[in-house]
Amino acid sequence: MAITFYTNPMSRGQIARWALHEAGADYEQELVAYGEEMQGDYRRDINPMAKVPAIVHDGKVVTECAAICAYLAEAFPAAALAPRADERAAYFRWMFFAAGPVEAAVTNNALGMKPEKPEQSRTLGYGDYDRTIDTLEAHFERHAYVCGERFTAADVYVGSQVVWGTQFGTMPQRDSLIAYAERLTAREAYREAKAIDTELIEQSQQAE
C-alpha cells in the first residue's frame, strides 16, 4: 500500500521525503499549506500539533521526523536502513541525541536563548550549545556515518540537521561536519528528494 505523505516543501518535510526515497517507498504526496490547511481535518485526523511532516501507512499515522525515519527503516527492510545488531547502540544513541540535545541546542542558540549560569546549564538536557556541537563533531571525526562505515536511517535524521546547520549557519563550519554533509548530499536519494522540494518551492514563489 502506498504511503500518504503530508508535507510542505518549506518544512522539515524535506527530511521525511529523503527518508522515503532512501527506503524506496511508493508514496502519494499531499501538500499542506501553512495556516488554515493545517487546522481543521488535518489537525483532527493526522496531527493535533498542526505541523508537517506526517505519513499514513496501512492506516497508521506517524509524525515526528526521527520517528518517520526509524519507522520507514523497519517497514522497508530491503533498503537495509535499519541497524544491524552491532549497530543498534550507536543508531539509537545518535538518533535520539539529534532529536533531543541537538535540536534544542541549535534552535535555542539561533533564537539567542543561552544559559547564563551553571545551574541553568544543568537544567537543560543538552547542557549548552558548544558542548553539544563538540560532541557531534567528535563522533564524525572518528566515523563516516552514525553507525560507523555504513549509512542507515539514522543518517537521514542526524545528517539532515548537519546539512542544514552547516549550510545556513546554525552550526559552525567544522571539517568533520562539512565532510559528513558532503557525503550525504552526494547520495542519489538525497538529490532526488531535494530536487522535488526545490521545484515545489520555485513553483510556489512563482505563484505569489
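## Ground rules

A residue is buried when its relative accessible area is under 20%, exposed when over 50%, and partly exposed in between (1.4 Å probe, protein chains only). Helices (H or I, at least four residues) and strands (E, at least two) are DSSP runs, numbered from the N terminus.

This is a predicted model: local features need pLDDT of at least 70, side-chain atom pairs count only at pLDDT 80 or more, and totals for chains, interfaces and linings use all residues. Residues are numbered from 1 along each chain as its sequence is written, and side-chain values use heavy atoms, with hydrogens and water left out.

## The sheet

Two strands pair if DSSP finds at least two bridges between them.

Strand 3 and strand 4 run antiparallel and are joined by 4 bridges. A row of residues can be followed across the sheet. Gln29 in strand 2 stands opposite Phe5. Phe5 has Ile55 as its bridge partner in strand 3. Ile55 in turn has Val62 as its bridge partner in strand 4.

Strand 3 (residues 54–57) is covered on both faces. Ala54 and Val56 are buried on one side, Ile55 and His57 on the other.

## Helix 1

Helix 1 (residues 13–23) is mostly covered, with 9 of its 11 residues buried. Among them are Ile15, Trp18 and Leu20, but also Arg17 and Glu22. The cover over these buried residues includes strand 1 and strand 2. It also includes helix 3 (65–75), helix 7, helix 8 (175–185) and helix 9 (188–207). Gly24 follows helix 1 and has a positive phi, near 70°.

Helix 1 packs on helix 7 at an angle of about 145°, with the axes 10 Å apart. The crossing is right-handed. A crossing is right-handed if the near helix is turned clockwise from the far one by less than a right angle, and left-handed if anticlockwise. Helix 1 supplies Ile15, Trp18, Ala19 and Glu22 to the contact, while helix 7 supplies Asp155, Val156, Tyr157 and Ser160. Contact here means heavy atoms within 4.5 Å. By class, the residues are 5 nonpolar, 1 polar and 2 charged. Ala, Val, Leu, Ile, Met, Phe, Trp, Tyr, Cys and Pro count as nonpolar, Asp, Glu, Lys and Arg as charged, and the others, Gly among them, as polar.

## Helix 4 against helix 7

Helix 7 (residues 153–168) also meets helix 4 (residues 88–110). Their axes come within 9 Å and cross at roughly 25°. That makes helix 4 roughly parallel to helix 7. The cut-offs are under 35 degrees for roughly parallel, over 145 for roughly antiparallel and 65 to 115 for roughly perpendicular, with the rest oblique. This crossing is left-handed.

On helix 4, the contact uses Tyr91, Trp94, Met95, Ala98, Ala99, Val102 and Glu103. On helix 7, it uses Ala153, Ala154, Tyr157, Val158 and Gln161. These residues divide into 10 nonpolar, 1 polar and 1 charged.

## A buried threonine

Thr132 sits in helix 6 (residues 129–142). Thr132 is buried, with a relative accessible area of 2%. Neighbours within four places in sequence aside, Thr132 is in contact with Phe97, Pro101, Val102, Ala105 and Tyr126.

## Backbone exceptions

Most residues other than glycine have a negative phi, and most peptide bonds are trans. The bond from Val52 to Pro53 is cis, with omega near 10°. Pro53 lies in the loop between helix 2 (40–45) and strand 3.

Asp58 is not a glycine, yet has a positive phi of about 55°. Asp58 belongs to the hairpin of strand 3 and strand 4, which has 2 residues between the strands. Asp58 is partly exposed, with a relative accessible area of 46%. Ala80 also has a positive phi of about 55° without being a glycine. Ala80 is in the loop between helix 3 and helix 4. Ala80 is partly exposed, at a relative accessible area of 40%.

Terms used
Axes fitted to C-alpha atoms, helices over the stretch in contact; angles between N-to-C directions.
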